Each structure stands twice: as C-alpha cells, then as structure tokens.
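Subject: Structure handover

Hello,

Here is the structure for your files. My notes on what was found in it follow below.

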Amino acid sequence: LPQRDRGWAWMVLLAAVLLQGLTLGFPSCIGVFFTDLQHEFQASNSETSWFPSIMVAVLHGGGPLCSILVKRFGYRFAVMLGGLLSSVGMVSSSFCKSLGQLYITAGLITGLGSCFSFQAGVTALGHYFVRWQALANAMASTGVSLGFTLWPLLSQYMLDEMGWRNTFLIFGGILLNCCVCGAIMRPVQLASGSLVQLPRPGDDSGRRTACFQMLQKYLAFDIFCQNKGYQIYTIGVTWMMMGFVLPHVYLVPYAIQNGVEERKAALLISIIGFINIFIRPLTGLLSGHRIFTGRRIYLFSLAVLLCGLSNFICIISAEFSVLIVYCVILSIAMSGIGALTFQVLMDVVEMDRFSSALGLFTVLESITLLIGPPLTGLLVDITNDFHYVFYTSSFLLISAALFMGLSFCALEKKRNLKETTKVPLDNPSRYQYNDTPTEPQPESQSTPACFLMYHNWGFMACINTFLSSINWDTFFFF
C-alpha cells in the first residue's frame, strides 16, 4: 500500500489540485456562453440562467449522495465515475436542440459528475495525508482559483474560434481527465464503520427505520432544531448564497451589454480567480490567529458585507476600468467567505456530528443557488435592466451579513449575562460545543470534501463563546 505523507501522496495532491480546477472552477466559465446560448435558443435571461444554476446547485447539493458512494465503493471509483459523467454530460450538451435538454446534460449530469469527482478527490487527501494534512488541503484549494483564472480565458478563445457546440465537445474531453486523476488515487485504507442494517423485504417498519437512520446520518435535522448557533448560521448562509452567485452568472453579459469587448469581459472573471490564489491563503492564516478565536463569525459577516457593498460599484459605472476595481474588491471579499465558511461551521457544531451537519448545510444552500439566478433573470426580463442583478445581490448579501452578525452578538451578550448572574444553563449541550458529546452518533470515516477544502486542520479547537442559550421569545428570529 502507498505510504502516507510522502512519495506517492504528493502525486495524489497534484491530482487533487487538478480535480478542483476541473470541477469547482468549471462553472466560472458559463457566463461566457450566456449571450450565445440566449441567442441560439431565443430564450429569456431567466430561462438561460437555469443552466448554470442547476449545475452549481447539483455540484453543492450532491454531497450526501457522494458520501454514500464513497463509503460503498471507495473514493477512487467515485472520482472516476464523476469524470465519466462530467464528460458524457458536456459531449451530450454539444448536440442539444433545446435549453431543456441542456438543463439535463450540462446542468444535472455534468454537475453531478463534478460533485463526485471533487468531493471524493479531496476525501482521498484525508487518507493520504496525516501530518501534512493542513498543508495538503491548503495547496489543493488553489486549484479552484486556478480554474477561475483559466477556464473563462480558454472558453472565450474557443468560443470565438469554433462556436459553443464544438467548445462543449472539447470540454467533454478535458473533463475526462478527472478519470486520470482518479486512477492516480490508489486506495490506502478503506473507511471502516458499521453499515446501516438493511431491512428485510416486506418489512415496512425496518424500511422506515433504515430511512430515518440515513436521514439522521447525512442530514442532521435534530441539530438544526436544537443548536441555535447552527440554526442562525445555516439560515444566514443559505440566504446569502442566493445573492452570492449572481455576479458570477451575470457579470460577463452585463459588461458586454454595456459595450465591453467580449474578451475583456471574460477577463473579469479570470481577475477574480487570479487574486483569489494569493488572498485566500492569507485570509486562512489571519483567521487562524488566536486573536480571532471565537470571533471568526464576525470576520465572515464582514466579508459578506463587503461582498454586498462592492456590487454598488457596478451600479455606478460599467466602464472596464471600473469593473476591474469591482473584481478586485469582490475577489478579496470572496476569499474571506471561502476561507471561513466551514471553519465557522465547525465552531458551532459538535465534531462527532459535523459530517451530518455539513450534509444538511450544503443541501439547503444548493436550493438557493438553484433558484437565485433564474428569479433575478426574470426580474431583468421584466425591467430590461441588468442593474437589478446587483441591487438584488447587494440586498441579499448585506441582509445576511447583518442577520448573522447581530444574531451571534445577541447570543454572546446573553452568555455574558448568564456568566455575570451565575445562572446555570438549563441545557448547555443544546447551544455549545462539548468535547465529550452526550449522544455520539456513528459517522462515515470518509472526511467531508468541502470541509477538507476550506478548513485548516491546525485550528480544530471549537469555541464556547457564542453558543450559549438565548431567550428567543424576545428576539425576532424565533
């Protein structure tokens, strides 16, 4: 078997970097094809935007299904299956005669394949690296930024030279390289753990029990109902994602509509990705400093707030130089969001339930990722004004930032009041992290991929600062 932390492990890391560039970075180029697809199928902005929305939503929301696949067949099989699905989806897309067919091929099939390849690929890093796991995950995450930088430039060049159909056909061949990356990821150690007891045929009670156990394992509704910190954070991020994705979909068509050359418009997305390469690691190091221990939620809220405020730059002017300034500020804010999203989640959830909490978290955010662009596209169709894209994005991001920041501030204030008056908590396990969970639940041994991507394992100590109980009868949230 391959050795960990050395030798072949570094080849696996290189494959993981490539995988993240091919999968997570790929949706960044869809905006380049937006105008051509709209003209080809005589579709509205709302109808066209369903294509990238479905792809991104499936890419995020397929996490629980990928976890089941990895546990059953291993990460190597999941990566290669994902590469095959992604390739088949894009090759089929080149022959589509309607947007509805494109929703299924490029949206559903390619999105699901990208989900399998990405999440299973990063899971493999958890098996190959122990001592250097933090370094490996940080280096692997640079693949996303590289994808954001290169995919739009390549897409615009190929679109100009051969049209969108031939471009999609070639993309199918490029995404097939995910299978090569999967082949490199030789198994080190199969994840151990008890399998869910399968019900006997005709046993309705056993079937219901098995379904309940699966939901409990991969979608932690009980944590959502009991943990106020997780409740606030999940709702805030879910609401945020509806506006977070809008500039990525509409920035290129907005720039083209306002007279920016198509190649320059595609360059805007690449600028965002290029700056991310350098800013994201710095943000991760900054957030890991002890001075920010217990305060990462405020850093995250500040990044979301900056992201929302930056959209007003596009509203002021659509000149190329102004849009470059917008992309720089947006990229800095995005780096903070990307580096802190799952670190904050780990702060508010018990470690033994993190995997299932992450499953519900990604599924809920995939819903808003799905409906955000089409609803905003409908608004643009009605008003014939792209400015409403950035108005909507700003409102959603700013409101989410204020909601999370003020809510956690209220939780902290309540905790301080409890400490001052020496009133014991009625049920502290509901609101704060315990090093020794009272009700441990079995989890899959495979490490959650999104968590591996964004979280620096060197800062795994969870906090008790914000997660005290709060009287929600006096607070607007409950």
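Is Leu309 buried, partly exposed or exposed? This is a predicted model, and in it Leu309 has a relative accessible area of 43%, so the residue is partly exposed. Leu309 lies in helix α14. Together with Phe312, Tyr388 and Tyr391, Leu309 forms a nonpolar patch on the surface, and the accessible area of the four together is about 370 Å². Two elements give two or more residues to this nonpolar patch: α14 (296-316) and α17 (387-421).

The largest nonpolar core has 122 residues. Tyr233, Leu251 and Phe300 are the residues with the most contacts inside that core. For Phe300, leaving out residues up to four places away in sequence, the residues touched are Tyr233, Val237, Met240, Ile337, Leu340, Thr341, Val344 and Met404.

Ser114 lies in helix α6 (residues 99-128). The relative accessibility of Ser114 is 3%, and because buried means under 20%, Ser114 counts as buried. Not counting residues up to four places away in sequence, Ser114 touches Thr23, Leu59, Gly82 and Ser86.

Last, the charged pairs. Side chains of opposite charge can pair when their charged atoms come close. How many salt bridges does the structure hold? There are 2 salt bridges.

Glu40 counts as partly exposed at 40% relative accessibility, and Arg165 is partly exposed with a relative accessible area of 23%.

The other salt bridge is formed by Arg263 with Asp160, and here the closest N and O atoms are 3.4 Å apart. Arg263 lies in helix α13 (residues 262-287) and Asp160 in helix α7, so the pair ties together parts that are 103 residues apart in sequence. Arg263 is partly exposed, at a relative accessible area of 40%. Asp160 is partly exposed as well, at 36%.

Regards

How values were computed. Residues are numbered from 1 along each chain as its sequence is written. This is a predicted model: local features need pLDDT of at least 70, side-chain atom pairs count only at pLDDT 80 or more; totals for chains, interfaces and linings use all residues. Side-chain values use heavy atoms; hydrogens and water are left out. Patches are made of residues with over 30% relative accessible area and no salt bridge: like charges are joined within 9 Å, nonpolar side chains (Val, Leu, Ile, Met, Phe, Trp, Tyr) within 5 Å. Accessible areas come from the Shrake-Rupley method with a 1.4 Å probe; for residues, only the protein chains shown count as cover. A salt bridge is a side-chain nitrogen of Lys or Arg within 4 Å of a carboxyl oxygen of Asp or Glu. Helices (H or I, at least four residues) and strands (E, at least two) are DSSP runs, numbered from the N terminus. Buried means under 20% relative accessible area, exposed over 50%, partly exposed in between (1.4 Å probe, protein chains only). Contact means heavy atoms within 4.5 Å. A nonpolar core is a set of buried Ala, Val, Leu, Ile, Met, Phe, Trp, Tyr and Cys residues joined through side-chain atoms within 4.5 Å.
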